Amino acid sequence: MGFLVFSLSNFILTLFASIITASVAPAAAGSGIPEVKAYLNGVDAPGIFSFRTLVVKIIGSITAVSSSLHIGKAGPMVHTGSCVASILGQGGSKKYNLTWKWLRYFKNDRDRRDLVTCGSAAGMAAAFRSPVGGVLFALEEMASWWRSALLWRAFFTTAVVALVLRALIDVCLMGKCGLFGTGGLIMFDVYSANITYHLIDVPPVLLLGVIGGILGSFYNFVLEKVLRVYNLINEQGIAYKILLACSISIFTSCMLFGLPFLASCQPCPADASEACPTIGRSGNYKRFQCPPGHYNDLASLIFNTNDDAIRNLFSRDTDAEFQYSSVFIFFITCFSLSILSYGIVAPAGLFVPVIVTGASFGRFIGMLIGSRDGLNHGLYAVLGAASLLGGSMRMTVSLCVIILELTNNLLLLPLIMLVLLISKTVADAFNGNIYDLIMKAKGFPYLEIHAEPYMRQLTVSDVVTGPLQLFHGIERVGNIVHVLTVTRHHGFPVIDEPPLSEHTILYGLILRDHLIELLKKKVFSSTPVPMSADAFEQFSPGDFAKRGSGYNHKLEDIEITEEEMDMFVDLHPFTNASPYTVVETMSLAKARVLFREVGLRHLLVIPKISSVSPVVGILTRHDFMPEHILGLHPLLVRSKWKRLRLRLPQLLKFF
């Protein structure tokens, strides 16, 4: 009966989370961190910040985490904070009549991007009660463009989060959090103890870092393969998505309920700091089919919230509480279930599962090595969590601060720094960080910080592809409609020719949304003349402001007659007359740095020597992707491996 209640409740919760995610907001599935990171890099995926996604993310995350799936809440909370920030930045939701006029100031790309960055920092701060760690997480992992004003804004945001969490902690301390007691809300003060360590304790820490880096890279490798299989299943339709999620739920319930039978019962310690066995609430000592006065150590790890499982593993003076076999089984279970659970159609995070897995791995290593003067099993668990996080997430500064704020012990700083640096260095030799791999699997054209070496051999003219679509300063309506219909471009160069100018010149760049707005307002004239002053009264600044997440211009919704097709529209007042341009002989690597650092979406290429056309082409994000470049110049693939072979003896000699 216990198994039926356990598995059925997990199944219903998973079914509910998968149904609302698949049918209402598919963009709410997964962690959300890759989508937010891609957006802050310049990739505006549809629906990732809509009001519908926000609601489904909150409800789906609660039900999915409650369904015993081995997933976390940190990633969904980062996505939730970013959704709230984006909705505020666009003034609310027009679709649901929730708008605020006083927020019009933020309806532009830069301010909305800053707000989303602050929202991601707030989400991480709320997940771990780590205000400084949240700011550093947004700086190190999320944001592609950072400026000084954004630093204090993000810090102010996370400070408010810390104050609100402090108030909620006070509520829990009064015993008003139900079965969670004084824990379960967040991880806090899990390792506040004065520790001392010496030089002889460094080799085990180095070993943890190396093993954590290898395990982290292997974790990323396996997860990438599993996600590919899940994508093939999810492409079959909504029914297959829900069936996959329910199958994982049933398998997880069988694993979690059956594995504690492999562990033997142990007598309760005489000096236990809490009631043993623990019944009806969260705690260290779960009875689970054991006689009175005994507890099951594996059940104590499995039948607890993730927060309390981490607290149990991190706790000091508990060297005799767990058996070797129980900790090893729990590590293998967490490692496999966290990979299988991520990728289903439900909100799911990776941070907490990786922390739990790393803590169990670290404690197992500590049990094999044995306790030392300064390194007990709980401290090994803390360092193991740091090593697996570094090997999988590949972050250093932000993870270090988050773990310090979790454990509330500044004395751990040197050891955690050492473990993170070693695990990241080892893992970088095998593959990329987990979020970059997920973005690649989702097809997001993410621009890394550093350009590939072969890009220095190319110029921008080597990757420009045609045909180039141009508009004249005063253009025929029918030509605009035709170009917008046959292409999917979002930016078009505007040129002027005699008699409007002495020579053929590049006037600027106009966006697709602005062209559709002009067609919708029908500010046409029968002759090619500049726009009159009366025509400007039909427009307001909001017509050309940044659109919301759920609002898209559609050319099909505009009805234009045959007579109007032969009329003209003046594009000069609505064209960006100072777009970023590069000469066709400029290095592709330098152009890529300019494109990423400034946060561009279009980069015009102009000829070095005056020619018939004032513009050679237009570069977008896809033109800087390695797949596109190597597709145009396949010989670069050989030279890339040739350079690697030449550098290999030097690298071996260095090591």
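**Overall make-up.** I started with the secondary structure and counted 23 helices and 12 strands in the chain. I keep in mind that this is a predicted model.

Next I looked up how much of the chain is tucked away: of its 655 residues, 52% are buried. The chain exposes about 30,100 Å², and I noted that carbon and sulfur atoms supply 64% of that area.

**Contacts along the sequence.** I then checked which parts of the chain meet. Taking contacts between residues at least 6 apart in sequence, I found that 75% join residues at least 24 apart.

**A nonpolar patch.** On the surface I came across a nonpolar patch made of Phe-16, Val-55, Ile-58, Ile-59 and Ile-62. Together these residues have about 410 Å² of accessible area. Which helix gives the most to this patch? I found that it is helix H3, residues 51–66, with four residues. I picked out Ile-58, which sits in H3. Its relative accessible area is 39%, so I list Ile-58 as partly exposed.

**A closer look at H16.** Helix H16 covers residues 413–428, 16 residues in total. From its first C-alpha to its last I read 22 Å, close to the 22 Å expected at 1.5 Å a residue. Which residues of H16 are buried? My list has Leu-415, Ile-416, Val-419, Leu-420, Ile-422, Ser-423 and Ala-427. A handy reminder for reading such a list: an α-helix has 3.6 residues a turn, so residues three or four places apart point the same way. Last, I looked up the partners of these buried residues of H16: they pack against helices H8 (202–234), H14 (377–393) and H15 (397–407).

Notes:
Residues are numbered from 1 along each chain as its sequence is written. This is a predicted model: local features need pLDDT of at least 70, side-chain atom pairs count only at pLDDT 80 or more; totals for chains, interfaces and linings use all residues. Side-chain values use heavy atoms; hydrogens and water are left out. Patches are made of residues with over 30% relative accessible area and no salt bridge: like charges are joined within 9 Å, nonpolar side chains (Val, Leu, Ile, Met, Phe, Trp, Tyr) within 5 Å. Accessible areas come from the Shrake-Rupley method with a 1.4 Å probe; for residues, only the protein chains shown count as cover. A salt bridge is a side-chain nitrogen of Lys or Arg within 4 Å of a carboxyl oxygen of Asp or Glu. Helices (H or I, at least four residues) and strands (E, at least two) are DSSP runs, numbered from the N terminus. Buried means under 20% relative accessible area, exposed over 50%, partly exposed in between (1.4 Å probe, protein chains only). Contact means heavy atoms within 4.5 Å. The expected span of a helix is 1.5 Å times one less than its number of residues.
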